[in-house]
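Reader: Could you walk me through the aromatic rings and the nonpolar cores here?

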Amino acid sequence: MNEIERLSNENYLESFRVHARFQEPCEVKDRDGILLVAGASDFPGSYWNAAARTTLQVKPGALVKAAHAFFAPRRRMYSLSVIGNQDGDLEDYLRTHGYELRFEMPCLSLTQPLPSREVPDGLRVVTITEPKHTRDFVELSVEAYTQMRLPERHTRALFSKPVAMLADNITGFIVYRGEEALAGALVMMSGDGAGIYWVGTRPSAERMGLATLLTTLTANAAFSRGARVVTLQASKSGEPVYRRLGFEFYDNIRRYGPASLD
C-alpha cells in the first residue's frame with residue numbers, strides 16, 4: 001500500500017465517525033480496532049448501520065463476531081466495508097461465511113489542485129458557515145439523492161443533526177440561485193488526507209456543470225488546508241466525470257451484508 005492509498009483509506013474510515021456525528025440518535029462503539037455504528041434509521045448502508053475494522057491487526061472473525069453481537073439485539077441489518085487492496089482476508093472470510101455482496105464503488109484520488117471554474121451567471125456559491133446553510137444542504141440533498149434511489153427518510157435520518165456539518169474539519173459549499181439551494185458538496189479533512197462527500201444537484205439544476213464546479217471547489221479547499229491527497233468514492237456513472245477532471249482510480253470498496261441476523 002502506498003502513501004496515497006493509506007491516507008485515502010484513513011479518510012474513508014474516518015468518514016464513518018463523522019457521519020455518526022451527523023445523526024441523532026446514533027450509537028457508536030469504537031475501540032480495539034473495531035468501529036460499529038447504529039444510526040438514526042434502519043437502512044443497512046455504510047453510514048447508517050455499519051461495521052468496519054480500523055486496523056488490519058483485527059482478524060476477520062473477530063470483526064464479524066463483534067458486528068453480530070452489536071446488531072442482532074437491535075434487529076438491524078448492516079454493512080461491512082471491504083477496501084480491496086488491503087482487506088483480501090476479510091473479503092475471503094465474508095464470502096466463505098455466506099455474506100452477500102451488496103454494493104461496489106470505485107475509489108479515486110487527486111494529488112494536485114484543479115483549474116478554477118467560473119460560476120454560471122445568475123448563481124452564487126456560499127461556504128457553509130451557519131445553521132441555515134446546513135438545513136438548505138439537507139433539503140437539496142434529499143431531492144438530489146432521491147433521484148439516485150436513496151429514500152428521503154434515510155437521507156433525513158443521516159442529517160438529523162445538520163449543525164455537525166459546521167465542524168472544523170469539514171468545509172462545505174452550496175450553489176444558490178436567489179434563495180434556492182441548487183447543489184452542494186462537503187469535503188472532510190483527516191490529517192494529510194481529505195475526502196469529498198455528498199456531491200448532489202437538484203434535478204431542476206442538472207446539466208449546468210454544478211457537480212464539476214463543486215468538486216473543483218471542495219478539492220481545492222482541501223489542498224489549501226494542507227491535504228496531500230483528496231479522495232472520493234464514485235458511482236459507476238460518476239466515475240468518468242471525475243476521471244476527466246483528473247482523478248485517478250486506485251481501488252474499489254465493496255460492501256457486504258449478512259443474509260440474516262440469525
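Author: What follows is a short talk through ring pairs, charges over rings and nonpolar cores in this predicted model.

Reader: How many aromatic pairs does the count come to?

Author: The count comes to ten aromatic pairs. One of them joins Tyr-12 and Phe-16, whose ring centres are 5.1 Å apart with the planes at 85 degrees, so this pair is edge-to-face.

Reader: Where do Tyr-12 and Phe-16 lie?

Author: Both are in helix α1, which covers residues 3–21, and they are four residues apart, which is about one turn of the helix.

Reader: And is Tyr-12 buried or exposed, and what about Phe-16?

Author: Tyr-12 has a relative accessible area of 1% and Phe-16 one of 2%; because buried means under 20%, Tyr-12 counts as buried, and Phe-16 is buried as well.

Reader: Switching to Phe-159 and Trp-198, what kind of aromatic pair do they form?

Author: Phe-159 and Trp-198 are edge-to-face, with 4.9 Å from centre to centre and 70 degrees between the planes. This pair links distant parts of the chain, since Phe-159 belongs to the loop between α5 (152–158) and β7 (170–177), while Trp-198 belongs to strand β9 (residues 193–201), 39 residues apart. Phe-159 is buried at 2% relative accessibility, and Trp-198 is buried with a relative accessible area of 10%.

Reader: Which cluster do ring pairs link Phe-159 and Trp-198 into?

Author: The cluster consists of Phe-22, Phe-137, Tyr-145, Phe-159 and Trp-198, linked by ring pairs.

Reader: OK, and which residues have the most contacts inside the largest nonpolar core?

Author: That core has 38 residues, and Phe-22, Phe-137, Phe-159 and Trp-198 are the ones with the most contacts inside it. Helix α4 (residues 131–146) gives the most to this core, namely six residues.

Reader: What is Phe-137 in contact with, leaving aside its neighbours within four places in sequence?

Author: With those neighbours left aside, the contacts of Phe-137 include Ile-128, Phe-159, Met-165, Phe-173 and Ile-174, and also Gly-184, Ala-185, Leu-186 and Trp-198.

Reader: Which residues does the second, separate core include?

Author: The second core has 29 residues, among them Val-175, Leu-214, Tyr-242 and Leu-245.

Reader: New topic: which ring does Arg-74 lie over, and which ring has the charged end of Arg-124 over it?

Author: Arg-74 lies over the face of Phe-70, 4.0 Å from the ring centre, and the charged end of Arg-124 sits over the ring of Tyr-176, at 4.8 Å from its centre.

How values were computed
Residues numbered from 1 in each chain as written. Predicted model: local features only at pLDDT ≥ 70, side-chain atom pairs only at ≥ 80, totals over all residues. Heavy atoms only, no water. Phe/Tyr/Trp six-rings, centres within 6.5 Å; stacked < 30°, edge-to-face > 60°. Helix = DSSP H or I, 4+ residues; strand = E, 2+ residues; numbered from the N terminus. Buried < 20%, exposed > 50% of the residue type's maximum accessible area, 1.4 Å probe, protein only. Lys NZ or Arg CZ within 6 Å of the ring centre and 35° of its normal. Core = buried A, V, L, I, M, F, W, Y, C linked by side-chain atoms within 4.5 Å. Contact = heavy atoms within 4.5 Å.
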